[in-house]
Each structure stands twice: as structure tokens, then as C-alpha cells.
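Let's take a walk through this one together. Have the sequence and the 3D view open, and we'll begin with how its residues are sorted.

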Amino acid sequence: MNKLSNGVSSANIFIRENNTSLYIREWSEDDAESITNLVAYNPKHLLQYGDNTGETFADIGQSRDIIIALTSTARTAFGVWDDDIMVGSVALTLDRDGTNAEVGYWTGGEHLGNAYAPRAVSLLVQHCFEKLGLQRIYM
């Protein structure tokens, strides 16, 4: 469970898109295998954007360690899921005073073309403004 710097607990955040099978859910240790498999399918896809995700989540143990380490940071990462299949990730990093945040995202190479990233970002941004009371989001 992360404690966001604005005092809001991020435990068990689960946000579903209306009338679809898409949802975002905060990463848990149980997601390490899904993250690793998603990245391993096509790590070069992520490298083309200068992203080191392909190297960072190289194996399940390393992925689990990163998920655990995130609990003590201002960053909260969410899996993007279509039914029970992880298709990508969105992350929220709050600034020091907890009023603004940066959103990052990536989609697994085999899931491109389904608008998962913009839909997941939209869910997260709406949550940030309506539930967390943030004032500004940076992309």
C-alpha cells in the first residue's frame, strides 16, 4: 500500500472503464509474472522510445523487487488490464506537495492499436482530479 504525499492511501485502487472489460489496478507482488511476460514478449518495442522497462523487468524476481520498492516512493504504478490479460501500465508520480502529478504509460507491443494507453490514462486522470483532488497533471 502506498501512502500518497497528499495523505490519500492508494491501496486497492481499482478503476473500470464503463461498459468495457478495461480496468486499471494498482500493481501487487502477484503481478510480477504478468509484467515480466508482457515486457519479455517484445522488449525492443519499449527500447525504441528510450525506455529501459525492457531491462528493468527482466525476470520475475526483479519485477517483484521493483513492485515492493515502489511502496516507499511517491510513484504508484497500475496494471492496465483487458479482462484478465495485462496489456500495459500507467504510473502516477506526485510532486512534493501532493497537488500535481506526472503520468507515464506504456503498452505491450502485441497490444498496440487498441487505444489501451489513452483509455487507461483517461481513467487515471479522472481519478486524480475527482478523488485525489489534484490540480495539474503532466504527461
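This is a predicted model: local features need pLDDT of at least 70, side-chain atom pairs count only at pLDDT 80 or more; totals for chains, interfaces and linings use all residues.

Residues are numbered from 1 along each chain as its sequence is written, and side-chain values use heavy atoms, with hydrogens and water left out.

Start with the whole chain. It has 5 helices and 6 strands, where helices (H or I, at least four residues) and strands (E, at least two) are DSSP runs numbered from the N terminus. Read from the N terminus, the order is β-β-α-α-α-α-β-β-β-α-β. The radius of gyration is 14 Å, close to the 14 Å that the globule rule gives for 139 residues, so the chain is as compact as a globular protein of that length. (That radius is taken over C-alpha atoms, and the rule is 2.2 Å times the number of residues to the power 0.38.) The C-alpha trace spans about 35 × 35 × 25 Å along its principal axes.

How much of the chain is buried? Buried residues make up 43% of the 139, with buried meaning under 20% relative accessible area, exposed over 50%, and partly exposed in between (1.4 Å probe, protein chains only). As for contacts, meaning heavy atoms within 4.5 Å, take those between residues at least 6 apart in sequence: 58% of them join residues at least 24 apart.

Now for the largest pocket, which has a volume of about 480 Å³. A pocket here is an open set of points on a 1 Å grid over the protein atoms alone, where a 1.4 Å probe fits, with protein on both sides within 12 Å along at least five of seven lines; lining residues have an atom within 4 Å of a point. The volume is the space filled by probe spheres set on the points, which are joined across faces, edges and corners. The lining counts 25 residues, and Asp51, Thr53, Arg75, Tyr105 and Trp106 lie nearest the centre. Helices H2 (43-47), H3 (53-56) and H4 (60-70) are among the elements that give two or more residues to this lining, along with strands S3 (75-82), S4 (85-94) and S5 (100-107). S5 gives the most, with 6 residues. By type, the lining divides into 14 nonpolar, 8 polar and 3 charged residues.

A few single residues are worth a stop. Tyrosine 41 lies in helix H1 (residues 32-41) and is exposed, at 56% relative accessible area. Histidine 127, in helix H5 (residues 116-130), counts as buried because its relative accessibility is 15%. Leaving out residues up to four places away in sequence, histidine 127 touches Ile13, Ile15 and Leu132.

Finally, the backbone. Most residues other than glycine have a negative phi. Asparagine 19, though not a glycine, has a positive phi of about 60°; it sits in the loop between strand S1 (14-16) and strand S2 (22-26) and is exposed at 82%. Aspartate 83 also has a positive phi of about 60°, lies in the loop between S3 and S4, and is partly exposed at 47%.

Terms used: Ala, Val, Leu, Ile, Met, Phe, Trp, Tyr, Cys and Pro count as nonpolar, Asp, Glu, Lys and Arg as charged, and the others, Gly among them, as polar.
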